[in-house]
Structure formats: structure tokens, C-alpha cells
Amino acid sequence: MTSLDLSAFKTFTEDLARQAGQTVLAQRPLARTEIKADGSPVTTVDRAVEQVLRASIERHHPDHGILGEEYGAKGLDSDWVWVLDPIDGTRQFAGGLPNFGVLIALCHQGRPVLGVICQPMTGETYLGISGQGAWLNGQPIRPTSPGSLAKAIASLSDPEAYDAATRPGLEALSRATLWNLYDGGCLGYGALAAGWLHVCLNGPNLDNFDICALVPVVEGAGGVISDWHGKPLGLSSSGAIVASADPALHEEVLALLPQTA
């Protein structure tokens, strides 16, 4: 894998983000919501966006695998696999709020190497390449270090998303930081990469399509992202995750999180 490979994929991924954004904006006024078998909501826009993304990937990279939230997996044994969450934050989207994003990731041999967090309503697109950089609408971004956890701003996911094993970690972190905001979703990870906040914490309810796109954005910017045990995240990851603006801060955060989670 070379920088040239990822440069070509970067251009293609930017085009995917544009297509996704156009689809959201065109279809949002007509969105209808259904409840899936697992009790979670899905909208007609979720499905439309994933259909557009899958069709483009299949047309331009027919040898690549695809994993999507709404239409499942194909070709996961490929070296290159695209991971799609067409609307991350469907509850907020269905409720008329702008706190959602389109997540697009490219994994190479199971590791996320390129990721996008796209918010069509605000026109913001975060794009990251692990080890190479991160950008907000084409401008380079980096996290800012607060110096210590006591001075950090944290984005904490919905408290209802934590179970008995992980709730003590949420509570410990909420007490240790300067101040907190709740349910920032994928946009919180973009804000961390851009230096607006310093820690993001999610409970155990995440799937791989919720996680993969966040990794290159945070890592490309210079931040750190892992599971609650400090282990790297990849195509097979699920469950509770945490991101921090710098390695020292990450160690402070991990020390507060229960290792039984």
C-alpha cells in the first residue's frame, strides 16, 4: 500500500461524500421512518444513501468488499473493504435534528486507513488518512492538548447506551473533566480532530460500521482512538471506544475506565 494508492482513493471518497450529501439533502423532506426487527429506527434516506454509495463503489472498484449497516456484507475477504453507515445518528435525523453524519471508511487488510464524517446540513466534511493527515473541507486540522484531563472538554455518548459494566467509566470520566457535552455522536470525533474538544467516549452499543470511519479521522489528525482496553480498532471491532487529543491524555482516560468492560 502506497501514498499514491490512498491519494486516488481519497479523491474517490470525496466524491462518495458529495453523492451522499446530495442524496440526504434531496430526500430529507420526504423521509419516512420504520422500526427494524432489533427495535432501532431506519429511514428511507438511510437506505437511499447506502444504495448510492454501494452502486458507486461496485462500479468503480468491483473487486472491493463492502460492509453496510442497511444492506449487509459482501467480499469481506478482499484486501480492501468499504464500511458504510449511511446515517449515523438515525434517531436524531428522524427527529428533525442535525446531529448526524454519513460515515464512509476504507479498510486495508482489516485496518481502517481512510475515513469520512460528512454532515450535509452544515456542509462539513472531515476526511482522515491514518498516518498522513486529516482535513475539514480541505483544510488541515489537528487536535489541541488541554494539558491535563482536569482541563479537558469531553463528548460523552447517551448515558442510556451504557450497561452495568461500563457506566462506572462514564461516571468517572464525567467527574474528571472540566465540562462535558452529551450525545455528540460521530461529529464529536470530528470536533476532537479539529481541536474543539479533547475526549470522546462511547458505550458498548457500537458496531463496526459506527467505528471504522472515525479511526482515520482521529489518527490522521494526530489523536488517539482505541477500545476501552487501549487496543487498536479495526474491521472486526465493536463495543465501547474512546478517543483523546494526545497519547498522555489517552492514558489518563484509560486509567479511569473499568477493564472488565
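These legends accompany several views of a predicted model of one protein chain.

**View 1. Overall fold of the predicted chain.** The protein chain holds 8 helices and 15 strands. Its radius of gyration is 17 Å, close to the 18 Å that the globule rule gives for 261 residues, so the chain is as compact as a globular protein of that length. Along the principal axes, the C-alpha atoms fill a box of roughly 50 × 45 × 35 Å.

View 2. Of the 261 residues, 55% count as buried. Among contacts with a separation of 6 or more, 62% join residues 24 or more positions apart.

**View 3. Surface and charges.** The accessible surface of the protein chain comes to about 10900 Å². Carbon and sulfur atoms account for 52% of this surface. The chain carries 16 positive and 28 negative charges.

View 4. Helix H8 spans residues 247–256. Its buried residues are Leu249, His250, Val253 and Leu254. They cover an arc of only 135° around the axis, which puts them on the same side of H8.

View 5. Ala248, Glu251 and Ala255 are exposed. These residues lie on the other side of H8.

View 6. Several elements cover the buried residues of H8, including helix H4 (167–176). Strands also contribute to this cover, among them S13 (199–202), S14 (224–227) and S15 (241–244).

Terms used: Residues numbered from 1 in each chain as written. Predicted model: local features only at pLDDT ≥ 70, side-chain atom pairs only at ≥ 80, totals over all residues. Heavy atoms only, no water. Helix = DSSP H or I, 4+ residues; strand = E, 2+ residues; numbered from the N terminus. Rg over C-alpha atoms; globule rule 2.2 N^0.38 Å. Buried < 20%, exposed > 50% of the residue type's maximum accessible area, 1.4 Å probe, protein only. Contact = heavy atoms within 4.5 Å. Areas by Shrake-Rupley, 256 points an atom, 1.4 Å probe, with all protein chains shown as cover. Lys, Arg positive; Asp, Glu negative; His and termini not counted. Charge placed at Lys NZ, Arg CZ, Asp CG, Glu CD. Arc of directions from axis to C-beta.
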